[in-house]
Amino acid sequence: MSAYAIFIRERTRNPGELRTYADMVSPLLNITEATILAAYGPQDVLEGPSPEGVVIVRFPTIEAGRAFYDSAEYRAAVQHRFLGADYRSILVQGIDD
């Protein structure tokens, strides 16, 4: 059953740190079974405040998504995202495929 990681950028604090994060995380996603479904495209906010940006990544399972997030390689990259912006990150299991 697929799972979806949703990253919601609320406020940028350091664009340079976000560039470092992007440079580090792109190769990691390319060697996984992850699929980027949306990345910082136009939004039509239906409820609540508008975030700066949203990324949605599909993983084959919730376990695969968690393994990616907990991997040493991603943990090294994510430190730059933490320094670069305020985010909300959610991993949610999909409905039976």
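Is arginine 88 buried, exposed or partly exposed? In this predicted model, arginine 88 has a relative accessibility of 46%, so it counts as partly exposed. Its salt-bridge partner is glutamate 10, and the closest N and O atoms of the two are 2.7 Å apart. Because glutamate 10 sits in strand β1 and arginine 88 in strand β4, the pair ties together parts that are 78 residues apart in sequence. Glutamate 10, at 30% relative accessibility, is partly exposed as well.

Let's stay with β1 and β4 for a moment. Aspartate 86 and arginine 11 meet through their side chains in a salt bridge, 3.0 Å from N to O. Aspartate 86 belongs to strand β4 and arginine 11 to strand β1, so this pair ties together parts 75 residues apart in sequence. Aspartate 86 also forms a salt bridge with arginine 13, at 2.9 Å from N to O. Since arginine 13 lies in the loop between β1 and α1, that pair ties strand β4 to a part 73 residues away in sequence. Together, Arg11, Arg13 and Asp86 are linked in a salt-bridge network. The whole structure holds five salt bridges.

Now for the nonpolar side of the story. The largest nonpolar core has 17 residues, and Phe7, Val57, Phe59, Phe68 and Tyr74 have the most contacts inside it. At least two core residues come from each of β1, α1, β3, α3 and β4, with α1 giving the most, five residues.

Note on methods: Residues are numbered from 1 along each chain as its sequence is written. This is a predicted model: local features need pLDDT of at least 70, side-chain atom pairs count only at pLDDT 80 or more; totals for chains, interfaces and linings use all residues. Side-chain values use heavy atoms; hydrogens and water are left out. A nonpolar core is a set of buried Ala, Val, Leu, Ile, Met, Phe, Trp, Tyr and Cys residues joined through side-chain atoms within 4.5 Å. Buried means under 20% relative accessible area, exposed over 50%, partly exposed in between (1.4 Å probe, protein chains only). Helices (H or I, at least four residues) and strands (E, at least two) are DSSP runs, numbered from the N terminus. A salt bridge is a side-chain nitrogen of Lys or Arg within 4 Å of a carboxyl oxygen of Asp or Glu.
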